[in-house]
Amino acid sequence: MEHDSTPRRERSPGMKLLFVGLVALVLMVPLLLVYALVYDRQDQSRTAQNAINAGWGGPQILSGPVVVVPFRTTQTQNETVDGKPITRVAEVEKLLYISPDSNRVKTRVDPQERQKSIYRSVLFTARVDGKATFTLPADLARFGVTRERLIWERAEVRVGTSDARGLTAGGSLTANGRPLEVQPGKGPAASGGQGFFAFLPWDGAGTLRIGYALEVRGSGGISLVPRGGQTQWEVTSSWPSPSFSGSFLPDQPRVSDAGFSARYRIDKLALGQPPVAMEDVGFPVRGNDGVQIELTDTRSAASGGMASGGAPEVIGAPGRVVNVDLVEPVNLYSKVDRSVKYGFLFIGFTFLAFFLFDVVGGARVAPVEYLLTGAALVLFFALLLAFAEVIGFTLAYILASAAVIGLLTAYSAAVLKSWKRGRFIGALLVGLYALLFVLLNLEAWSLLIGSVLLFVALAGVMYATRQVDWVSVGRPRTAAPSA
C-alpha cells in the first residue's frame, strides 16, 4: 500500500483566523451558561435571605406620630328610589389628621448578620426615640372643619412601622409627660396601617407634646416618612456600608469603618402637606424618589379598614420618604456578574497570543487546543462563583485565577513547544486577571480604564506585527533562481 508523501498544505492565516473566531463563538455558549448560573445562585441567595428575615422582620418604614380626631359633618347623597332620583342630606363621620408642628427623631441601628447554609442576611434592631409637638390651627374653619364638630373623646395618636412583626419589644407613648395605654394596630397609612396607637386626652387647647419610643427589628434598611412642620432625624449605626436614598439626602453624613451617622432636616415647604387634612398620607410608591419597600397585604388592610366609630379610612397622595439601607460591603454576585461580562476579553487576548505564535512564530496550534484553552478560561468564572459563596470574593478570585493561570501556563508550554512562550501566556493572564480585579473595584472608572487599556493593547499588537508580511505568511518559500 502506497502512502501519499505529499506534505500537508498549510492553512492560510485567514483560514486560521476564521477557525479561531468560530471556536471563540462556540465558547460563548458555556460563558452564557455561567452568566445564567450567577442569576440562579443569586435567586437562591434571596430565597435564603427571605427565609432568615421571615422570623425577624423586613425593611421598616417609620411614620408618625399623627393625631387623628373624628368629626361630624353633613354630606349630600344622591340615590334612586323606585326609578326616581332622590337627594338627601345625611350626617356622616370623617377623620381629621393633624400633623406635628415639629418632630425630632433619634434612631440607633444595631446590625447583625445571620447565616443559613452558605447564605447570609443583614438584620438589625433599631431603637427609636422621638418628641413631637402639635397645635390646632387657629384658622381651622378654613380647612373645612369647625371645633364644635370634633369628637375629642375619641381622639387618637398613631405611630407606624411597616412590619409589625418587628415590634417584639413593644412601644410607648406619652402626652405632655403622661403615659398612655398603647394598643396594637391603626398605624398611619404611610406604614401600611401597621403600628400602634393610644387614645388621647386632649381637647385641642394649647400645645400637645407627644413622646414616643419603640424598639423595632428589621432587615435590609430603615426608612422614615416625614410629615408636618419640621422633621429632624438623626440615624447612627456601627454598620460601615450605608446607602442613603429617597426624597431627601442627609446633611453631611459621616461614614467610616466604625459606622455611620446621618442627620436630616426637612421643612414643611419641601413636603407640600397641609397641617391638617381629611385624608392620611399614603404609602410611599416606587419611583424616582428611590427604592421603596414592598408590602404584601398591609396596604389593602389599611385602605379597607375602619376607624373608630365605623368611619372609613381615607388614604391620600403617596408620602415622601428617606431611606437608610444597610448594604453588604461586597456584593459577590454583582461582582461575579460583572466579571463574566469580561469573559470574551480574556478569551480574545489569549487566543490572539496563540494566533500570533501560530502564524508568526511557527508554533502550530490546532482548533481543539484553542477550545481546551478557552474552556479553562470559562471555568475560571464558575470556580470564582463557587469559591466566593464560601470564602469571600477576594480570596476566591486569587484562588481561581491562580489555578487557571498555572494550568494554562503549563498547557501553553506544551502546545507552543516552549516554556518561554508558556511563561509569556502566564504573564499575559496575570496581567489580565489583575486588570479585571482593578476594574471590578473601580466601578465608576471601569469603562474609561478598560477602553484606554484596550486601545493600548491594540496599539501594541499593531506595533509588534508592523513588519510582518501577512500575504506571505503560511506560504511555502520558493528557492531563489540559480545564476
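**Entry 1: a strand pair and its sheet**

I began with Thr 236, whose bridge partner in strand 15 is Ser 261. Strand 12 (residues 230–237) and strand 15 (residues 259–267) pair in the antiparallel sense over 8 bridges. I count strands as paired if DSSP finds at least two bridges between them. Helices (H or I, at least four residues) and strands (E, at least two) are DSSP runs, numbered from the N terminus.

I note that this is a predicted model, in which local features need pLDDT of at least 70, side-chain atom pairs count only at pLDDT 80 or more, and totals for chains, interfaces and linings use all residues. Residues are numbered from 1 along each chain as its sequence is written, and side-chain values use heavy atoms, with hydrogens and water left out.

Next I looked up an open sheet of 8 strands, and I read its order as 7-6-10-4-3-12-15-14, with mixed pairing. Its edge strands, each pairing on one side only, are strand 7 (178–180) and strand 14 (254–256). Neighbouring strands are turned by 15° against each other on average, direction ignored; the axes are lines fitted to C-alpha atoms, for helices over the stretch in contact, with angles from 0 to 180 degrees between N-to-C directions.

**Entry 2: strand 19**

I asked myself why strand 19 counts as largely enclosed by the rest of the structure. The reason is that 4 of its 5 residues (322–326) are buried. Buried means under 20% relative accessible area, exposed over 50%, partly exposed in between (1.4 Å probe, protein chains only).

I found strand 11 (residues 221–225) joined to strand 19 by 4 bridges, running antiparallel, with Ser 223 opposite Asn 323. Strand 13 (residues 242–246) is also antiparallel to strand 19, through 5 bridges, and Pro 242 stands opposite Leu 326.

**Entry 3: the whole chain and its cores**

I noted 9 helices and 19 strands in the chain. Of the 483 residues, 44% are buried.

The largest nonpolar core has 51 residues, and those with the most contacts inside it include Leu 150, Leu 173 and Trp 233. Strand 4 (residues 119–134) gives the largest share of this core, 6 residues. For me a nonpolar core is a set of buried Ala, Val, Leu, Ile, Met, Phe, Trp, Tyr and Cys residues joined through side-chain atoms within 4.5 Å.

What does Leu 150 touch? Leaving out residues up to four places away in sequence, I found Val 69, Pro 70, Phe 71, Leu 96, Leu 136, Leu 140 and Val 145. Contact means heavy atoms within 4.5 Å. A second, separate core of 48 residues includes Leu 31, Phe 346, Phe 351 and Val 378.

**Entry 4: rings**

I counted 11 aromatic pairs. Rings of Phe, Tyr and Trp (its six-membered ring) pair if their centres lie within 6.5 Å; planes under 30 degrees apart count as stacked, over 60 as edge-to-face and the rest as tilted.

Phe 380 and Tyr 433 are a tilted pair, 4.5 Å centre to centre with 55° between the planes. The pair links distant parts of the chain, since Phe 380 is in helix 6 (residues 367–391) and Tyr 433 in helix 8 (residues 419–441), 53 residues apart. Both Phe 380 and Tyr 433 are buried.

Phe 393 and Tyr 397 are tilted too, at 5.9 Å and 40°. These two are separated by about one helical turn because they are 4 residues apart in helix 7 (residues 393–415). Ring pairs link Phe 380, Phe 381, Phe 393, Tyr 397, Tyr 433 and Phe 437 into a cluster.

I also looked for charges over rings, meaning NZ of Lys or CZ of Arg within 6 Å of the ring centre and within 35 degrees of the ring normal. The charged end of Arg 217 sits over Trp 56, 3.9 Å from the ring centre. Lys 186 lies over the face of Phe 197, at 4.9 Å.

Most residues other than glycine have a negative phi, and most peptide bonds are trans. Lys 186 is partly exposed, at 23% relative accessible area.

Lys 417 also has a positive phi, near 60°, and I found it in the loop between helix 7 and helix 8. With a relative accessible area of 67%, Lys 417 is exposed.

My last stop was the cis peptide bond joining Gly 64 and Pro 65, with omega about 5°. Pro 65 lies in strand 1 (residues 60–81).
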